[in-house]
Amino acid sequence: MERPRTIRRDDGLWLLQRMRLIRQASERIARLYPTDVMETPVHLCIGQEAVAVGVCRHLTDADKLFLGHRTHGPALAKGLPLPKLMAELYGRSTGCSHAFGGSMHLIDLEHGLPGSSAIVGGSIALGVGAGLASKLAGADFVGVSWFGDAATNAGVFHESLNFAALQRLPVLFVCEDNGYSNVMPKSAHAAFDIPSLADEYMTTMTADGTDVLAVHEQAGEALAQIRSGGGPVFLHCPTKRWMKHQGHERCDIVGNGIDEQRDCPIRKLERVLLDTHLCGAGELEQVRLSVEQQIDAAIAFAESSPFPTPAQLEVV
Ligand SMILES: Cc1ncc(C[n+]2csc(CCOP(=O)(O)OP(=O)(O)O)c2C)c(N)n1
């Protein structure tokens, strides 16, 4: 389907700012990581920013987002303050999980991030639980289960989709499908087509996960259906992971099909903003510079924060 190439200026700028925040923070983490200042493994999402940002533009602080191991992008898109993320990576007590979580266990209750799971597939039932809680309480928040393509192999995936569909729960399932489980291609780990299988259970939509306008549009439709009581929706977003599965290096899988010029979600959005005269080149550069300043400040905050003490283990 042909995607719209226009967007409201406030939406366009928000999407650009958040994607730049995720991209530039990730690039900075990649540069710092080999110096051993971070007390945690990191799974970066460079190239995948459009999925996080396009979905989270439609979420409120009340909506509960459950993540897996590749957390930084969706957490920042949902509203986790960058200084609290950086401090967590640096293992400092001012981190969002008081340094007891690390990159894969980010918590920010104020912004609807109750927790994440390093167990592949572990986030899926948690989003369903939040959807069930919302329904039972007569509340209007949505549970969001966020996972990669490999998580669809887990038994809990099928149980969760089945239960959410039967109970018509307010749940959005987001499959950020980068085509790999670590270095294993999808053809070697899934004997099924993910959206076809999900479609057996519920309304299923697919959006190009390198195109933030496509994700933004489909996620908007999905959440409108969910919020109006129409039951759960599965959003499948094929995308590209530019980095190795874990750590600071670029992905070197032969035949991974990545073209950083063609596939860059930020370049794609900037082109639309320029072509539609919503922004000028100077303004785009201002966004980039302002994000660099935010990153500098976040790192200074992390570096100047204390490490946790053993006594803090008992009070958090
Ligand atoms: C149950 C379980 N099995 C294996 C692992 C090791 N592991 C960590 S990440 C990963 C790949 C996950 O791929 P996917 O779910 O597609 O997410 P992506 O890393 O591509 O974002 C694996 C196998 C794990 N953490 N949990």
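Q: Which residue of strand E4 stands opposite Gly143?

A: As a general idea, strands of a sheet pair through backbone hydrogen bonds, either parallel or antiparallel. Two strands count as paired if DSSP finds at least two bridges between them. Here Gly143 stands opposite Val171 in E4. The model is predicted, so local features need pLDDT of at least 70 and side-chain atom pairs count only at pLDDT 80 or more, while totals for chains, interfaces and linings use all residues. Residues are numbered from 1 along each chain as its sequence is written, and side-chain values use heavy atoms, with hydrogens and water left out.

Q: How many bridges join E3 to strand E4, and in which sense do they run?

A: Helices (H or I, at least four residues) and strands (E, at least two) are DSSP runs, numbered from the N terminus. E3 and strand E4 (residues 171-177) are joined by 6 bridges and run parallel. Strand E1 (residues 64-67) is also parallel to E3, with 3 bridges, and there Phe66 stands opposite Ser145 in E3.

Q: Is strand E3 mostly covered or mostly open?

A: Buried means under 20% relative accessible area, exposed means over 50%, and partly exposed lies in between (1.4 Å probe, protein chains only). Strand E3 (residues 143-148) is mostly covered, with 5 of its 6 residues buried. For the protein chain, buried residues make up 53% of the 316 residues.

Q: What is the order of the strands in the open sheet?

A: The order is E2-E1-E3-E4-E8-E7, 6 strands with parallel pairing. At the edges are strand E2 (115-116) and strand E7 (203-206), each of which pairs on one side only. E7 pairs with strand E8 (residues 233-238) in the parallel sense over 4 bridges, and Thr206 stands opposite His236 in E8.

Q: How many helices and strands does the protein chain have?

A: The secondary structure comes to 11 helices and 8 strands.

Q: Why does the radius of gyration of the protein chain agree with a compact globule?

A: The radius is taken over C-alpha atoms, and the globule rule is 2.2 Å times the number of residues to the power 0.38. For 316 residues a compact globule would have a radius near 20 Å, and the protein chain agrees because its radius of gyration is 19 Å. Its C-alpha trace spans about 55 × 50 × 40 Å along the principal axes.

Q: What share of the contacts joins residues 24 or more positions apart?

A: Contact means heavy atoms within 4.5 Å. Among contacts with a separation of 6 or more in the protein chain, 74% are between residues 24 or more positions apart.
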